[in-house]
Amino acid sequence: MSAAAATRRPAAPGRGGPLAAERTVLRLTRPYLRRLLGTGLLATATELAGLALMASATWLLMSAAGQPPLDRLTVAIVAVRALAIGRGVFRYTERLAGHDAVLRLVADVRARVFASLAARRDTAGQRSGDALSRLVSDVETVQDLLLRVLVPACAAGLVGVLAVGGAALVSPAAAGVLAGGLLLAGVVLPALATALTRRGAAEVAPLRGALAADAVDLTHGAADLAAFGATGYALDAATQRAGRLARLERRLAAAGFAVDAAGVLVAGLTAGAVVLVALRAGVDGVLVGVLAVGTLAAVEIALALVGAARQWSQLRAGLARVATLLDAAPPPLPTTPPAAPGRTVSAGPHDVRFAAVTVRYRAGAAPALDRFDLDLPAGRRVAVVGPSGAGKSTLAAVLTGAVRPTAGRVTLDGRDLADHPAADLPRAVGGLLAEAYVFHATVRENLLLGRPGADPAELAGAAGAAGLLDWVHEQPDGWETVVGEEGGQLSGGQRQRLALARALLAAPGVLVLDEPTEGLDPAAADTVLASALAAVPAGHSVLVISHRLHGLAGLDEIVVLDAGRVVQRGTHAELVRSPGWYREQWRVQEAAERGYLALAP
Amino acid sequence: MNRRPFDPRLLRRVPAARGDLVLLAVLGVVAALLIIAQATALAALLATGFDGRLDRPALAGFLAAVTARSALTWAQGTVAARLAATVKATLRADLLGAVGRHGPTWVAGQRAGQLATLTGRGLDALDAYFTGYLPQLVLSVTVPAAVLLRVLVADWSSALIIAATLPLIPIFGALLGWQAQVATERQWRRLSRLGGHFLDMVAGLPTLRAFGRARAQVDVVHRMADGHRVATMKTLRIAFLSGLVLELVATLSVALVAVPVGIRLLDGGLALSTALLVLLLTPEAYLPLRTAGARFHASMEGLSALNDAFAVSTDDPDTARPAPAPAPDGRGEIRLEGVTVAYPRTTALRDVTLTIRPGERIAVIGPSGAGKSTLLGLLLGFVAPTEGRVTVDGVDLAGVDQDAWRRQVAWVPQRAHLFAASLADNIRLGVPETPDAALAPAIRDAALDDVVAALPDGLTTRLGERGHGLSSGQRQRVALARAFLRDAPVVLLDEPTARLDTASETAVLAATRRLVAGRTALLVAHRPALLADADRILRVVDGRVTELTPNAEVLA
């Protein structure tokens, strides 16, 4: 059955057919179905009230022209008043209910998208700032899909059916004409608008992207352009592109607004035809008026579908991206966090052993890590050094479980690393990893991420060891200082210290420090590395990854990696005595840094 | 914030928009006339239809009015879109031109990001303003006026009621809009914090994962998103209330008109066609004002982008500068005479006097923020001395043609910006007409040949935005190749080996040595591996420059 269904499925982009993304999103609406249904009904009631108001007001006026006794009009007068007030109240409640329901749904979508991203172990989580803000606006498309596409479309459809039904009671012929007009306004024109919007977007998007890149180049590269006298050249290119975009936008607008023009025409022609047909059919004069005014109002409501269709085609790309993430989302978690006791067990000392670990990112490619052996029992402190691209970061990724070995084993306390629950692993192995992120929150909150529930003394201890404490005390808000978006209010050095302090506070049994003193000047780097190593509890093991060799003398072992392979290993004292990469680099770096330090009193 | 619906600066800053704005106003008048025509014809058609007769001229008039309105809708939309496209293209050229005029120091830092966003996607928000709001704004003036006049002719007492109630819409709209604004502002900090939380969490996901907090954070994300909903709903309740009140005001006003009309109709004191006309036209008088009000919110983003754009390029630098003097020869002596550079918050250099002899290689060291980069900026003409002067070959740099002077200078910054273009175009940045073949010596000297060989399309490989796809060592070698190709007598290097691993550093170091040979060089070096080559070493601390003699023993 399913196989047959699969073969019948048309070759649509993405999996699961042409509306898969919409279906995925709609599946999430289940908890809010009643609220959304209510919203849809209220929207229908709003539009219907508007239509009925025009129709009944016309009836009232035209009947009044026949000068009947007043009591024959009482019901209509009451109806007009009720409809007039009802329409506003309906609309108000509909908008509130709709936004409430949809924002609830968006909260769910955010959580699910986040859970889906969190469950990934690959590096796809690392996105550029642009891709990140796109992700955020993609999530917002869910809101627009419901509020600006689905709800108005359902309301317009329902009102259309009811309007045709109402007209049929008066004159079936006029109802037929109305149905034709509504189909044109509510189906044909929206389809046309969709096609035009899609085609236009396909033409405009690359040009807009190129222009955005131009803007980035001209602003962020302003100094480079000026220094090389290329500003004018780049400026001309960008201005020309802006002009091209403007011409394209004008051309597309001419086509797009033709649909709106057709809408006006359809409304008027349908009303005229309805009058003609109704008069031919001998419908009562008052009802002809009601039909004409009602037709204008009904087609107007159906034309809202043109806007909805445009909105929808603009949303689809974002929706598809969100749906991909939602489809990959893991089942919702139990709302209570894991019990605390498990933590104390796995936060203590651990033994790690690498046995002939090989990592190959692509089959056939040179290995990033080649038959790597390392014994890291509890309490041992090891440094891994080597030129960039030697495999140091891969080693850290393997140790934290982010990358699995292609061959060989990594064991934690004798058990394969992969056999430990992924959620427990960070408590045993972790620390300062590449691209540590500083959150838009207080210094305290950023640090507590390392160990939720740490007491003030522990905070101060970790911050002190990372050399951050003085800065914290200097701030008027102290620990409550909010560091800006992406840590923008901090200098590079303070950022690094904050990230290091967080790693020290976390104090996993196996502490990984990936370039712990990056961005600090040599003197500060020495102090911070020494105090950080001193702050590691006894029995915990440390793996320092560094391209700077100074300050590693106190470690138990130094491993030199080159092209994924161990080329040298030993203590600092042993390595500086024997010829090789380490001694050479040590001399170069030492001469340079001593020179610097000698020059800086 | 500027909440005016139309910014008159637009007329001054985008003269090309004037014609279309006038056209839009004319179309607004025509639209109002057509609404009157359509309602008049329909009222006549229905009034005759009351007796079961078909009024053919009225039907023809009605259809003609409808057809004309349809054409007008197209014209209005097209003109508005054309206006939007013109304004955006003009402002984009203006903004980017301002970057060129003001120079790199002005654009550095946060402003670069803001300008890039504004010029790129920010201005696209103007579409909603020009095609959605502005035509509606015109209609909200022309339609009520036309309706009022037409009803006045048909039935003056109804016109009186319309005239009395019409101002209620803008008055209530302003009052309630102001209330909504206050409510939003009160919540603004909370809203933006809660709204930005999701982005912050996603951006920091690798870090959360490293601390095993990622899955636990799912709950927090949901809680914060729900907090955002609660805060948003508080402001929406007030914002939507204004819509409700305006709708009720409009409806009640229509009722005020309709009731006397109905009573007079019952008494036989009014023709049916007049009554129908009043009924059809009265709601039209209130509608454009309400629609414009409703669309104002959606067009706010565009208006504030417009405001930002105007704010940027109006502060024009000294345009009435005297004609620049010809640039001095870069092979002359460079002197700084009592130079002080003061920025609004800090003083970067204090009373620096310095002579750089031709062919001298000078290393500059000192803690970050001490003023080293400002020193280079002075020689590049990016920074002007607040006091004192910089001379080359006796000529004050302040008065010379900057582009001509910079042709004597090659610059290797700490982090060169790579452009979203081909690798070859990135290298020949200073000399765009250089053929690919002529790039080879510079590529070889910069030790870039292995990088070129490893790229899929070699020199024609397109780099991503900001040089995406190259490592920092490779980027630095592209910057060196630029400098080699420039072949200038003065080279300025700003920590060329910062953040490089040792292997890249060796390559860049060797290339740097080749570059400075035989040239006057100023070299900011944080990693003193570069100091060995220097003839003199300058130390910059807190804006003051002192000279050190190289200590051969220390540097051995």
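Colleague: Which strands of chain B form a hairpin with 2 residues between them?

Modeller: S4(B) and S5(B) do, and B:Asp393 in the turn has a positive phi of about 55°. Strands here are DSSP runs (E, at least two residues) and helices are H or I runs of at least four, both numbered from the N terminus. This is a predicted model, where local features need pLDDT of at least 70 and side-chain atom pairs count only at 80 or more, while totals for chains, interfaces and linings use all residues. Residues are numbered from 1 along each chain as its sequence is written, with chains lettered from A and ligands numbered from 1 in the order in which they are written.

Colleague: How many bridges join S4(B) to S5(B)?

Modeller: 2 bridges, with S4(B) and S5(B) (residues 395-396) running antiparallel. Two strands pair if DSSP finds at least two bridges between them. B:Asp396 in S5(B) is the bridge partner of B:Thr391.

Colleague: And what stands opposite B:Thr391 in S4(B)?

Modeller: B:Arg335. S1 (residues 334-342) of chain B pairs with S4 (residues 387-392) of chain B over 5 bridges, in the antiparallel sense.

Colleague: New topic. How many residues does each chain put into the contact?

Modeller: Chain B gives 122 residues and chain A gives 112, contact meaning C-beta atoms, placed from the backbone, within 7 Å. On the side of chain B, the largest share is 25 residues from helix H10 (residues 214-266) of chain B.

Colleague: What's that side of chain B made of, by class?

Modeller: It has 69 nonpolar, 28 polar and 25 charged residues. Nonpolar is Ala, Val, Leu, Ile, Met, Phe, Trp, Tyr, Cys and Pro; charged is Asp, Glu, Lys and Arg; the others, Gly among them, are polar.

Colleague: Which residues have the most contacts inside the largest nonpolar core?

Modeller: A:Val274 and B:Leu523, in a core of 369 residues. Such a core joins buried Ala, Val, Leu, Ile, Met, Phe, Trp, Tyr and Cys residues through C-beta atoms within 7 Å, buried being 20 or more other C-beta atoms within 10 Å of a residue's own. The largest share of this core, 26 residues, is from helix H9 (residues 285-327) of chain A.

Colleague: What does A:Val274 touch?

Modeller: Leaving out residues up to four places away in sequence, A:Val274 touches A:Ala174, A:Val177, A:Leu178, A:Leu291, A:Ala292 and A:Thr295.

Colleague: How far apart are the C-alpha centres of domain 1 and domain 2 of chain A?

Modeller: 53 Å. Domain 1 is 2-327 and domain 2 is 347-599, with bounds from an automatic or database domain assignment.

Terms used. Two residues are in contact if their C-beta atoms, placed from the backbone, lie within 7 Å. A residue is buried if 20 or more other C-beta atoms lie within 10 Å of its own, exposed if 12 or fewer, and partly exposed in between; C-beta atoms are placed from the backbone.
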